Every structure is written in C-alpha cells, then in structure tokens.
Amino acid sequence: MKFHISLLFSGFLAGSAFAQEGAVRTEVPEDLLSDDHVRAELGVNEFTAPSISKLFDTLQFLMPLPLIETQRETSERMPLDRADLAIELGFLIADGFLIVQAGQMEKVEGMAAEMTRYGKALGAGDRINRHAAGLLESAKEQNVEQLKKELASTQRDVEVELVRLRDADLAHLISLGGWIRALEVSTVAVDNQFSPERASKVMREDIADYYSQSVAGLEPRISERENYIDIRNLLAGLRHEMVMEEGQDPTPEKIKEIREQAAELVKLALQRKK
C-alpha cells in the first residue's frame, strides 16, 4: 500500500496547485499527525492533511462542551460542488467526534447515514460504507474509543480515495472543515468558562498559519472563490491574534474576539457555490 500511494502522490505532483512555481507549503503541526493516518499509510508529505481526531484531542481539556449552544442543523439538500461537499464532510466528521464525546449514541446512526451520502457523492462511498457499519456496531456496544477510531479511519480512507481520484485538495478541505468546527466549539467552551489555562488550548497560531497557507495553495477554482479569499484573510488575522508574548496570558476579551472570528469562519466555510 505504501508503494502504491507514493506513486499516486508522485503522479499528482505535476498537476497540483502546490507544485506551482513560488508556492509555499507550511508543514502540518507535529501533534496533528496521526501515526496510522500519516506515517504508516500516507507518509508525511505535502498532501498530508491534519487528522480531525488529533484536532479534537484538545476538547477533552475543555469540558463541559457547549453542544446545545453550538448545535448545527444540516441541510437536507447536498451541495453540488465537490469543494463544498468536502468541507461539509469535515464538519460532519467533527460532529461525529462531538456526538461521541457527549455519549449521544442515539445520534450515531443519523450521522453515519449523512457521512455515507457525502462520501458517495465524492466517489468514496465504498470506503465510508465500511466505516459506517463499524460506527453502528460500536455505538450499540457503547465503545467510545472504537467509535473515535472509526471516525479517524473514515477521514484517512476518504483522503486515500481522493488522492487516487487526483483530488488531493479536497482532503485539505475535509481537514479544514473539521478544524473550523473544533475551533467554534472550543472558543465557546472557553468563553463560557474562562481560565488562562483553558484559553491557552485555543491559542494555536501554528494551526491557523497552516490552514491560511493551505487555503492559499488550493487550485484557483477553489482559492479564488470569494468566501475562500475571506477565509484566508480571517485565518491570517487569527494567526496574529493567537500569538502570545513570553509570560503573557490570553484574556477573556481576546477569547471573545476569537470566538466571533470562529463563528464567521463557520459561515464562510458553509457558503455553497451558487
């Protein structure tokens, strides 16, 4: 599998937006790399996207999570554009981690069905179907750790299929959608129950910088859309907002500002192509 995937990556390089002359690629923050997701199968390279599972590890330090306050209604009508499908799938996978974290096992079936719909539309239906069955089985057994593993594997396998289909940019959008959702929930949690220690979990300028550069490196049909230009600009601003001088603690006012920007990122990310 490693050899096969490496060939796919090599073949895709010439046509990738990241292969354009002068393009800059920011490395994925080390703590967002999942061993099975990245090192064993995909390898660390310019196509690697951060694991949504790793992004959600921070939320265990921010309990209680504001699930009702940040509840998201999904549209019955799926988007037609593949970039919109990908970023919304990232939101769905993130919602799956929230459901599991909250122990809302009764919602797993609906979540798995939605993920299957999106995976099929992206051309990765068979891969997601396998994990959907595992999600349902693990929910029946109340096996939280296995549910998390299935969700992480879902992202990994969809990315593998997207690379095979020469749509590696969409893998980054899945990860971006997951991070925006995680940022939304974490900023609300910290704003509702502030402490400098909790707030420090949000102040990840390296992640904001990574996604800002990632959006800039997407192929022009995506990166030049108005909402993605706005997303990149917001992320660049967030990166500066999150930088703390040595010995300086984040303030409640700073967290409120970041919460507002996270909410704006959610709106921009979920704007579908007309």
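Q: Where does Asp249 lie in the chain?
A: In this predicted model, Asp249 belongs to the loop between helix 12 (226-241) and helix 13 (252-269).

Q: Why is Asp249 called exposed?
A: A residue counts as exposed when its relative accessible area is over 50%; Asp249 has a relative accessible area of 52%, and is therefore classed as exposed.

Q: What makes Pro196 a contact of Asp249?
A: Contact requires heavy atoms within 4.5 Å, and, with residues up to four places away in sequence not counted, Asp249 touches Pro196 and Met244. The 6.0 Å that separates Asp249 from Pro196 is a C-alpha to C-alpha distance, whereas the contact cut-off applies to heavy atoms. In sequence, Asp249 and Pro196 are 53 residues apart.

Q: Which residues have the most contacts inside the largest nonpolar core?
A: The largest nonpolar core has 66 residues, and those with the most contacts inside it are Leu89, Met115, Leu173, Leu176, Trp179, Leu238 and Leu265. The elements that give two or more residues to this core include helix 4, helix 8 (168-192), helix 12 and helix 13, and helix 4 gives the most, with 13 residues.

Q: Why is it called a nonpolar core?
A: The name applies because its members are buried residues of the kinds Ala, Val, Leu, Ile, Met, Phe, Trp, Tyr and Cys, joined through side-chain atoms within 4.5 Å. In soluble globular proteins, nonpolar side chains tend to be buried together.

Q: Which residues is Leu238 in contact with, leaving aside its neighbours within four places in sequence?
A: Leu238 is in contact with Trp179, Leu183, Ala208, Ile258, Gln261 and Leu265.

Q: How many residues line the largest pocket, and which lie nearest its centre?
A: The largest pocket is lined by 17 residues, of which Gln71, Arg72, Asp95, Ile99 and Lys107 lie nearest its centre. Helix 4 (82-101) and helix 5 (108-122) are the elements that give two or more residues to this lining, with helix 4 giving the most, four residues. The volume of the largest pocket is about 410 Å³.

Q: What is the make-up of the lining of the largest pocket, in nonpolar, polar and charged residues?
A: The lining divides into six nonpolar, five polar and six charged residues. Of those nearest the centre, Arg72, Asp95 and Lys107 are of kinds that count as charged, while Ile counts as nonpolar.

Q: What share of the protein chain counts as buried?
A: Buried means under 20% relative accessible area, and 53% of the 274 residues fall in that class.

How values were computed:
Residues are numbered from 1 along each chain as its sequence is written. This is a predicted model: local features need pLDDT of at least 70, side-chain atom pairs count only at pLDDT 80 or more; totals for chains, interfaces and linings use all residues. Side-chain values use heavy atoms; hydrogens and water are left out. On a 1 Å grid over the protein atoms alone, a cavity is a set of points where a 1.4 Å probe fits but cannot get out, and a pocket is an open set with protein on both sides within 12 Å along at least five of seven lines; lining residues have an atom within 4 Å of a point. Grid points are joined across faces, edges and corners, and a volume is the space filled by probe spheres set on the points. Buried means under 20% relative accessible area, exposed over 50%, partly exposed in between (1.4 Å probe, protein chains only).
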